[in-house]
Amino acid sequence: MTPLSALSAQGFRHHDTNAPIDIDADHSEVLYNDNRAIYSGHVRARQADMTITAAYVRIAYTMPKNSKTGEASPQMQRLDASGGVTIQTPDEMAKGEIAIYDVPKRLVTLVGHVEMVRGDSVVHGARLIIDLNTGKGTMDGSLVGSDGSQGKGRVTGHFVVPPSNQDNKKQ
């Protein structure tokens with residue numbers, strides 16, 4: 001486990017995974033027979049204080065029947081985002097090429113040139129998995145180092161260091 005846990009545990013630990021997910025976009029298409037919805041153009045999906053933005057989002061849903069009324073109502077199972085994906089909370093921001101939100105499992109996976117930022121600290125890697133149940137984030141090694149070199153296969157991070165006691169005494 002990398003020091004990423006210091007970054008991700010705070011921003012996602014108290015996320016309300018039971019909150020509804022609201023989506024807006026320039027265009028939408030519903031494939032009723034496939035239980036899918038496709039959103040494109042400046043897509044924004046919000047759940048409580050977490051926002052996912054992307055160029056394209058595909059939603060997979062089920063249609064369970066209400067036991068009291070017998071009517072079917074869509075329930076989101078998975079959200080797949082691509083094209084400049086950003087996941088934002090009040091404390092953190094993560095970027096990547098593709099995001100997958102497994103709604104029942106409460107897992108968000110971000111893949112492709114991933115960058116996780118909290119304040120002035122940043123971690124880079126190839127894949128970030130955020131468990132919204134626990135707030136734990138796990139980053140896998142990147143194929144591109146922070147200096148642009150290829151084949152590193154490592155997670156890289158840059159963390160802010162508090163001023164030393166000597167610096168505090170000078171003030």
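**Exercise 1. State how confident the predictor is in this chain and where caution applies.**

Solution. This is a predicted model. The protein chain has a mean pLDDT of 86, with 83% of its residues reaching 70 or more. Residues 1-9 have a pLDDT below 50; this stretch still has 26 contacts in the model beyond near neighbours in sequence. Where pLDDT is low, predicted coordinates should not be read in detail.

**Exercise 2. Describe the largest cavity: its volume, its lining and the strands that supply the lining.**

Solution. Begin with the count: there is one cavity of 30 Å³ or more. Next, the volume: the largest cavity holds about 40 Å³ of space. Then list the lining, which consists of Ile21, Ala45, Arg46, Gln47, Met50, Thr51, Ile52, Leu79 and Tyr101. Sorted by class, these are six nonpolar, two polar and one charged residues. Finally, assign strands: S3 (36-47) and S4 (50-62) each supply at least two residues of this lining.

**Exercise 3. Is aspartate 131 buried, partly exposed or exposed, and what does aspartate 131 contact?**

Solution. Locate the residue: aspartate 131 is in strand S8, residues 121-131. Its relative accessibility is 22%. Buried requires under 20% and exposed over 50%, so aspartate 131 counts as partly exposed. Leaving aside neighbours within four places in sequence, aspartate 131 is in contact with Arg106, Leu107 and Lys136. For leucine 107, 24 residues away along the chain, the C-alpha separation from aspartate 131 is 4.8 Å. Last, consider the side chain: that of aspartate 131 reaches the backbone nitrogen of asparagine 133 at 2.8 Å.

Technical notes. Residues are numbered from 1 along each chain as its sequence is written. This is a predicted model: local features need pLDDT of at least 70, side-chain atom pairs count only at pLDDT 80 or more; totals for chains, interfaces and linings use all residues. Side-chain values use heavy atoms; hydrogens and water are left out. pLDDT is the predictor's confidence in each residue, from 0 to 100. Contact means heavy atoms within 4.5 Å. On a 1 Å grid over the protein atoms alone, a cavity is a set of points where a 1.4 Å probe fits but cannot get out, and a pocket is an open set with protein on both sides within 12 Å along at least five of seven lines; lining residues have an atom within 4 Å of a point. Grid points are joined across faces, edges and corners, and a volume is the space filled by probe spheres set on the points. Helices (H or I, at least four residues) and strands (E, at least two) are DSSP runs, numbered from the N terminus. Ala, Val, Leu, Ile, Met, Phe, Trp, Tyr, Cys and Pro count as nonpolar, Asp, Glu, Lys and Arg as charged, and the others, Gly among them, as polar. Buried means under 20% relative accessible area, exposed over 50%, partly exposed in between (1.4 Å probe, protein chains only). A polar contact is a pair of N or O atoms within 3.5 Å; within protein, one must be able to donate a hydrogen and the other to accept it, and residues adjacent in sequence count only if both atoms are side-chain atoms.
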